[in-house]
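Hi,

Here is the structure I promised to pass on. Have a look at it first, and then read my notes below.

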Amino acid sequence: MRTLVHISDLHIGRDEAVEASARRLVAMLVEARVDAVLLTGDVTHRGLASELRRYERIFAPLLEQGRLLAVPGNHDRMGDDAARGIMRGGRVAVDSLPGLHVVRVDSTAPHNRSLVDGHGELSSRDVADVELALDDAPPGAIPLVMLHHHVLPLPVEDLAEKLATLIGLPCADELPLGQDLLGRIAGRCRLVLHGHRHVPAEFRVALPHGAGMRILNAGSTTLLGRARMFAHTSGEVAWEGWLAADRVEPKAWAPAARRPPRVAPAAA
Ligand SMILES: [Fe+2]
């Protein structure tokens with residue numbers, strides 16, 4: 001049995017409370033001996049190099065062991081363009097972690113220089129590259145896609161987003177080719193993990209034959225103080241729950257799921 005935790009929107013550099021939350025999060029992930037941590041962007045708050053260095057220091061126990069994969073978010077493109085230090089070598093990348101075939105997608109763009117220009121970008125070429133990348137998934141591994149921006153419409157979360165939408169700015173919109181992407185990868189991808197919006201959300205794509213696909217928004221992990229955790233084996237999710245400050249809260253159980261392993265309380 002392997003474990004996976006999805007985190008997002010850390011916003012390191014926003015304030016001391018966020019960094020304290022990030023340190024508690026890392027202690028929790030280390031204590032739980034999580035095999036894979038997937039971080040879907042907005043690692044930093046203003047895209048500053050100094051914020052990226054702070055993130056690298058806080059998450060060093062996971063980064064040094066190769067247990068953490070990340071994609072950039074729109075906030076990472078501001079300031080010093082910290083995004084360049086988060087994902088290199090193109091907009092679509094493939095990585096393997098225990099029991100996972102991970103397709104990372106950079107959904108940011110050069111226009112992400114301010115908060116009113118926070119919307120994502122996904123080209124037809126990106127969609128085709130994701131499709132190709134999923135073709136290489138080995139048997140027994142869960143094929144998944146991770147990116148920052150949301151692929152389906154989500155409710156606005158604050159007054160600024162509401163006003164921006166009212167005056168026709170695209171900053172709160174889903175990715176323009178988000179639904180195209182889902183149509184192309186359904187049947188070959190089991191999980192689509194994203195962030196950007198700070199309230200968790202979930203959609204399911206049911207398929208008449210074979211496994212469906214879930215689209216999951218982690219929300220802002222440092223604000224929430226909890227993260228979705230999955231245990232998986234042989235390419236199937238066996239159980240899932242929320243890894244919180246001192247416990248796992250089971251959320252949904254597969255019919256033949258085993259009981260989750262005990263997760264020791266994180267250090268105070
Ligand atoms: Fe964010």
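Let me start with D42, which is buried at a relative accessible area of 2% (buried means under 20% relative accessible area, exposed over 50%, partly exposed in between, with a 1.4 Å probe and protein chains only). Before going on, a word on the source: this is a predicted model, where local features need pLDDT of at least 70 and side-chain atom pairs count only at pLDDT 80 or more, while totals for chains, interfaces and linings use all residues. Residues are numbered from 1 along each chain as its sequence is written, and side-chain values use heavy atoms, with hydrogens and water left out.

Back to D42: you'll find it in the loop between β2 (36-40) and α2 (49-58). (Helices are DSSP runs of H or I with at least four residues, strands are runs of E with at least two, and both are numbered from the N terminus.) Phi of D42 is near 50°, a positive value in a residue other than glycine. H11 also has a positive phi without being a glycine, near 55°. H11 sits in the loop between β1 (2-7) and α1 (16-31), and it is buried, with 3% relative accessible area.

Next, the helices. Helix α4 covers residues 124-135, and at 1.5 Å a residue its 12 residues should span 16 Å; the end C-alpha atoms are 17 Å apart, which agrees. (The expected span is 1.5 Å times one less than the number of residues.) Which residues of α4 are buried? They are D126, V127, V130, E131, A133 and L134. Looking down the axis of α4, these fall within an arc of 165°, so they line one face of the helix; the arc is that of the directions from the helix axis to the C-beta atoms. As background, an α-helix has 3.6 residues a turn, so residues three or four places apart point the same way. S124, R125 and L132 are exposed on the other side of α4. The buried residues of α4 pack against β4 (92-97), β5 (100-105), β6 (142-146) and α6 (178-185), where contact means heavy atoms within 4.5 Å.

Just after α6, G187 takes a positive phi of about 95°.

Have a look at G219 as well, in the loop between β9 and α7 (221-224). With 0% relative accessibility, G219 counts as buried. Leaving out residues up to four places away in sequence, G219 touches S8, D9, R197, H198, V199, P200 and L224. Its C-alpha atom is 8.4 Å from that of H194, which is 25 residues away along the chain.

Now for rings and cysteines. A search of the whole structure finds 1 aromatic pair: Y55 and F59, which are tilted, at 5.2 Å centre to centre with 40° between the planes. (Rings of Phe, Tyr and Trp, the last by its six-membered ring, pair if their centres lie within 6.5 Å; planes under 30 degrees apart count as stacked, over 60 as edge-to-face and the rest as tilted.) Both Y55 and F59 are buried. The structure holds 0 disulfides, a disulfide being a pair of cysteine sulfur atoms within 2.5 Å. C171 counts as buried at 12% relative accessibility, and C189 is buried at 1%.

Cheers

Conventions. Expected span 1.5 Å × (residues − 1).
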